[in-house]
Amino acid sequence: MTVFGKACLESVNRHCLPKTVKQWHPCFVDLESRMTTAVLPNLDPALIPISEKVRNGKRLSLDDGHVLYETKDLWTVLELAKMVRDRMHPGVAYYNINRHLNYTNICALSCKFCEFARKKGDDGEYTRDIEYIKEEGRKAVESGATEMHIVGGLSPYLPFEYYTDMLKALTEVAPNVHLKAFTAVELVHLARIAKVYKKDDIKSGVRWVLERLMEAGLGSLPGGGAEVFDERVHKEAFKTKIGAHEWLDVHLVAHELGLNTNCTMLYGHVDKREERLRHMEILRRSQDQALHRLGYEGDAEGYIAKGVPESEEITAPVITLTGEGATLPTPSMSSKGGYYQTITPLPFFPDGSELEHLSGPAGVENLRTIAVTRLMLDNFPHVKAFWIMQSLSMAQVMLEAGADDIDGTVVWYDITKAVGEGTHQETTERDLIVAINEAGYEAVERDTLYRRVERDGSEWRVL
Ligand code: SF4
């Protein structure tokens, strides 16, 4: 009977399932009933109370997350994540048409997991000038891209004006293209080179930087650089990079200024599963704060955040978006502030990094991590299976395990990459649509802010 678990992963239309199956399937009845019928001998009883919480849109605890990570009953974990994902985004999965720009690979830091950064004079180091960047903007327009995703190293050789000039130049040649740019660590670096950085008050310097970047055309923030929020992991793998507090402060200021942001979790290096779960807990408390600012009412019943010191500072009530009828935040709410749109779990690829001796996570761990992320991050509207790092085939399967977005056409991406794929990666819109349709969902082109995009020849508009 465990074969039925696989059937669940094949995007079966549930209304086609026979009545006898519906009687014990977790999406239709509670798991306790299934246990008593003994039709699923591999069902883990520890998942019964978790299933109840998930079905009722209640927040899962770190202990629940631990069970989801450790249980041998992977199929039920995936199915629960799929149930949540289908409730939040019935029948659809998202992609976008985008272009990536890495403006420099020169970086003052040396994170152990990074194979992208170079020092000045190293083979392959580069810094793009404004003419090059303008040309990239023109190419983005020609290719019909709705977004440019812009990130780079922390170059000590570029002045603050380079960044505002970059955004202004792109706004000039590509006025309709959304500029999603600069991770938290880059923004702290910008505060330093603009000489507005204060160690005991990071927020004021970052606010100064963001206000100027927004004037120049910044539309939202990507989510990179979060890695795994944990002191031990930070010390071992990226100790010179900003830590959790600074990363969260940058995103808090961005939200206060009305910018939507995103976040990532680079896992499978020196981190442990419990550290990933704490990372998720910190992020969802940060999102509680953002949603509370937008006017969402909270529900703290039955949930206490434990063992996560960083979240003690966050005083917002618990807000979940996974229950029946929950309203997801929209860009129109951003007059009151921004919020996290998407969490993207990123598997670590050791090749070429200082952590090459590690193996990195494989398919099943990646699939489970997507599902656990969907279930734990109950107030994040979207979970992305980033095909560049997961592979398009795996991203497609992940749509059945909690993900609702596979990112975009992505022309050129060399910050992180799938093994053996080279640094220049792109796929066609058609490939993305086929992957999504095969998984049983309508493929919806979105812009950066998750608005539907409608196209008429080379023209496009958001709905
Ligand atoms: S991960 Fe980012 S900050 Fe760290 S070395 Fe690489 S480019 Fe620099």
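Me: What should I know about the model and its numbering?
Reply: Local features in this predicted model need pLDDT of at least 70, side-chain atom pairs count only at pLDDT 80 or more, and totals for chains, interfaces and linings use all residues. Residues are numbered from 1 along each chain as its sequence is written.

Me: How many helices and strands are there in the protein?
Reply: There are 17 helices and 11 strands, taken as DSSP runs numbered from the N terminus (H or I, at least four residues, for helices; E, at least two, for strands).

Me: Why is helix 10 called oblique to helix 12?
Reply: Helix 10 (residues 202-216) and helix 12 (residues 244-256) pack at an angle of about 45°, and their axes are 9 Å apart. Angles under 35 degrees count as roughly parallel, over 145 as roughly antiparallel, 65 to 115 as roughly perpendicular and the rest as oblique. The angle therefore makes helix 10 oblique to helix 12.

Me: Which residues make the contact?
Reply: Helix 10 contributes I202, K203, V206, R207 and L210, and helix 12 contributes E246, D249, V250, V253 and A254. Contact requires C-beta atoms, placed from the backbone, to lie within 7 Å. These residues divide into six nonpolar, no polar and four charged; Ala, Val, Leu, Ile, Met, Phe, Trp, Tyr, Cys and Pro count as nonpolar, Asp, Glu, Lys and Arg as charged, and the others, Gly among them, as polar.

Me: What makes strand 2 and strand 4 stand at the edges?
Reply: The open sheet has three strands in the order 2-3-4, with parallel pairing. Strand 2 (98-102) and strand 4 (178-181) each have a single partner strand, so one side of each is left without a neighbour in the sheet.

Me: How do you know that strand 3 and strand 4 pair?
Reply: Pairing requires that DSSP finds at least two bridges between two strands. Four bridges join strand 3 (residues 147-151) to strand 4, so the two strands pair. E147 stands opposite H178 in strand 4.

Me: Why does F182 count as buried?
Reply: A residue is buried if 20 or more other C-beta atoms, placed from the backbone, lie within 10 Å of its own, exposed if 12 or fewer, and partly exposed in between. F182 has 27 C-beta neighbours inside 10 Å, so F182 counts as buried. F182 lies in the loop between strand 4 and helix 9 (184-193).

Me: Why does D407 count as buried?
Reply: D407, in strand 8 (residues 405-408), has 23 C-beta neighbours inside 10 Å and therefore counts as buried. The phi of D407 is positive, about 70°, although D407 is not a glycine. Most residues other than glycine have a negative phi.

Conventions: Axes are lines fitted to C-alpha atoms, for helices over the stretch in contact, and angles run from 0 to 180 degrees between N-to-C directions. Two residues are in contact if their C-beta atoms, placed from the backbone, lie within 7 Å.
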